[in-house]
Amino acid sequence: MALLSPFLFLSVSALTQTKLTDNPADELVAVLNANRTAHKSSSLADNPGLACIALQYIKAYQGDCEAVGGSDAKKPPDSEFAQTFAPYCGVDASTLSPITGRFLGCQSKYVQPSEVFSMLIKNEKSLEILYNKNQTEIGAAVTGIDGGAPYFWCVLLSNGKHNSSFVLEDGVAKISRPGCFSGANDDCSGADGPSPFGHKWVYAITAFIAVGYAFGL
């Protein structure tokens with residue numbers, strides 16, 4: 001299998017059939033699911049609790065782009081999911097499920113979600129994580145630092161049971177700014193005034209660092 005071949009074709013029908021808000025994290029989930037279905041894998045359920053945790057995962061790096069894919073000094077320990085991220089997002093910690101895949105990227109310029117995701121998937125191991133049939137849920141997030149560069153993107157995958165994992169205590173995701181996360185029915189790009197998360201912002205990448213992790217595969 002050619003490494004890049006799954007990204008040369010995106011199912012237009014899958015993208016158009018997915019309900020999208022003006023939110024780049026939602027768009028990234030749509031791109032991922034279109035690639036999965038093109039590869040004969042099922043779509044993943046977009047879980048806002050998991051997505052909110054993905055945004056908090058990004059913020060743990062404190063804007064340090066060079067730490068992504070480098071040393072583990074800034075990488076949040078797994079204990080932070082239950083102790084910090086879940087409470088901040090209003091996720092019932094008793095409903096946390098294993099994180100079976102994570103992709104994290106940082107770039108100096110904002111680009112469209114389809115381009116970002118194709119660059120997050122860097123090798124055969126990343127493809128195995130992406131297309132693994134045991135994956136069931138996804139959460140995606142993106143944020144800039146103080147409204148500008150660098151831009152961080154995070155995708156978390158889980159094999160949790162739909163509607164019973166990463167459950168929101170009040171039934172509604174806690175919106176956190178700056179940043180956007182998927183599944184929140186949130187028009188994120190216009191929430192705080194002018195934002196690089198709108199559809200009209202297209203830049204060429206000048207730097208990109210990405211890393212993918214798999215657990216329990």
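In the predicted model described here, F181 touches N23, A25, P48, A51, C52, L55, A140, A141, A173, K174, I175 and S176, residues up to four places away in sequence being left out of the list, where a contact means heavy atoms within 4.5 Å. A second, separate core of 26 residues includes V29, I129, L130 and A140, a nonpolar core being a set of buried Ala, Val, Leu, Ile, Met, Phe, Trp, Tyr and Cys residues joined through side-chain atoms within 4.5 Å. The largest nonpolar core has 29 residues, and those with the most contacts inside it are I53, L156 and F181. Two or more residues are given to this core by each of helix 3, helix 4, strand 2 and strand 4, and its largest share, eight residues, comes from helix 3.

Residues are numbered from 1 along each chain as its sequence is written. Because the model is predicted, local features need pLDDT of at least 70 and side-chain atom pairs count only at pLDDT 80 or more, whereas totals for chains, interfaces and linings use all residues; side-chain values use heavy atoms, with hydrogens and water left out.

The protein has six helices and six strands, which follow one another from the N terminus in the order α-α-β-α-α-β-α-α-β-β-β-β; helices (H or I, at least four residues) and strands (E, at least two) are DSSP runs, numbered from the N terminus. Buried residues make up 50% of the 217 residues, buried meaning under 20% relative accessible area, exposed over 50% and partly exposed in between (1.4 Å probe, protein chains only). Of the contacts with a separation of 6 or more, 77% are accounted for by residues 24 or more positions apart.

The buried residues of helix 4 are F81, F85, A86 and C89. They cover an arc of only 95 degrees around the axis, which puts them on the same side of helix 4, the arc being that of the directions from the helix axis to the C-beta atoms. The cover over these buried residues includes helix 3 (48-59), strand 2 and strand 4. Just after helix 4, G90 takes a positive phi of about 75 degrees.

A search of the whole structure finds six aromatic pairs, for which rings of Phe, Tyr and Trp (its six-membered ring) pair if their centres lie within 6.5 Å, with planes under 30 degrees apart counted as stacked, over 60 as edge-to-face and the rest as tilted. The rings of F81 and F85 have their centres 5.5 Å apart and their planes at 80 degrees, so this pair is edge-to-face. Being four residues apart in helix 4 (residues 79-89), F81 and F85 are separated by about one helical turn; the relative accessible area of F81 is 7%, and F85 is buried at 4% relative accessibility. The rings of Y110 and Y151, with centres 5.7 Å apart and planes at 70 degrees, are likewise edge-to-face. Y110 lies in the loop between strand 2 (99-107) and helix 5 (113-120) and Y151 in strand 4 (residues 148-158), so the pair ties together parts that are 41 residues apart in sequence. Both Y110 and Y151 are buried. One aromatic cluster is formed by Y57, Y61, F81 and F85.

F152 lies in strand 4 and is buried at 1% relative accessibility. Its contacts, not counting residues up to four places away in sequence, include I58, Y61, D64, C65, V68, G105 and C106. Between F152 and K109, which are 43 residues apart in sequence, the C-alpha to C-alpha distance is 10.0 Å.

The structure holds three salt bridges, each defined by a side-chain nitrogen of Lys or Arg within 4 Å of a carboxyl oxygen of Asp or Glu. In the salt bridge of K74 with D64, the closest N and O atoms are 3.2 Å apart; both residues lie in the loop between helix 3 and helix 4, so the pair ties together parts that are 10 residues apart in sequence. K74 is partly exposed at 27% relative accessibility, and D64 is partly exposed at 27%. R102 forms a salt bridge with D78, with the closest N and O atoms 3.2 Å apart, and this pair links distant parts of the chain, R102 being in strand 2 and D78 in the loop between helix 3 and helix 4, 24 residues apart. R102 is buried at 3% relative accessibility, whereas D78, at 48%, is partly exposed.
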